[in-house]
Amino acid sequence: MVEATTYKPRKFNLTGLNGISDKTLAMHFKLYEGYVKSVNELNEKIADTLSDGKVDKEEFPAYSELTRRLGFEYNGMVLHEYYFQNLKSHGSGAPDKAFSKAAESSFGSFETWKTDFAGVGKMRGVGWAICYQNPANGKISNHWITLHEIGNVSGFTPILVMDVWEHAFILDYAPADRPKYIDAFFSNVDWSAIQSRLGKKVVEPAA
Ligand SMILES: [Fe+2]
């Protein structure tokens, strides 16, 4: 008997953001809950297959397809949690010192880091912009993630996560106005959440 791992959707106390409507958030929470449901369903189906301790030859094609979907559904669940948790109504002002230091060390300045992060977010395609920290050296880097699962860096810590799928802003902005959504996103960043994700290892900028 294999016990399937199950997840409960988290609740996010998030309303009144700058430029991202409550209607968008309500729709987005539902979408997130769909990912949690899909993760649970996949885990249950895979556990069912493994319940006799083996994967029969005739089960293998279905088992493979279910397993291939794990990356999409798990990352769809987890990235939305990071995203909602790094937002707060009207944001929390300026970035903390530790993040500024990491940005200066990795990009020369906070502004250059921000230009790169926003630039990644404006890239054409369906996905996410994520600022990761490498726990081995404290450096941060910005990455484009296609869909939910292509481009994540194993072992790196997500520090700031921005959803740029059109569903994240289409009720508030036209598709071509993604930069306006990105500006709105930045005005709602909860820098204290970002601070709590940073590892102890933050490289001092070069003197
Ligand atoms: Fe999303």
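Phenylalanine 185 touches Ile20, Tyr83, Asn86, Leu87, Phe117, Leu160, Val161 and Met162, leaving aside residues up to four places away in sequence; contact here means heavy atoms within 4.5 Å. The model is predicted, so local features need pLDDT of at least 70 and side-chain atom pairs count only at pLDDT 80 or more, while totals for chains, interfaces and linings use all residues. Residues are numbered from 1 along each chain as its sequence is written, and side-chain values use heavy atoms, without hydrogens or water.

Phe185 is also among the residues with the most contacts inside the largest nonpolar core, together with Tyr83, Phe99, Trp113 and Tyr181. That core has 50 residues. Such a core is a set of buried Ala, Val, Leu, Ile, Met, Phe, Trp, Tyr and Cys residues joined through side-chain atoms within 4.5 Å, where buried means under 20% relative accessible area and exposed over 50% (1.4 Å probe, protein chains only).

Next comes helix α5, residues 110-122. Its buried residues are Phe110, Trp113, Phe117, Ala118, Val120 and Gly121. Seen down the axis of α5, they fall within an arc of 155 degrees, taken from the directions from the axis to the C-beta atoms, so they line one face of the helix. On the other side of α5, Glu111 and Thr115 are exposed. The cover over the buried residues of α5 includes α4, β1, β2, β3, α6 and α7. Helices (H or I, at least four residues) and strands (E, at least two) are DSSP runs, numbered from the N terminus.

Key. The expected span of a helix is 1.5 Å times one less than its number of residues.
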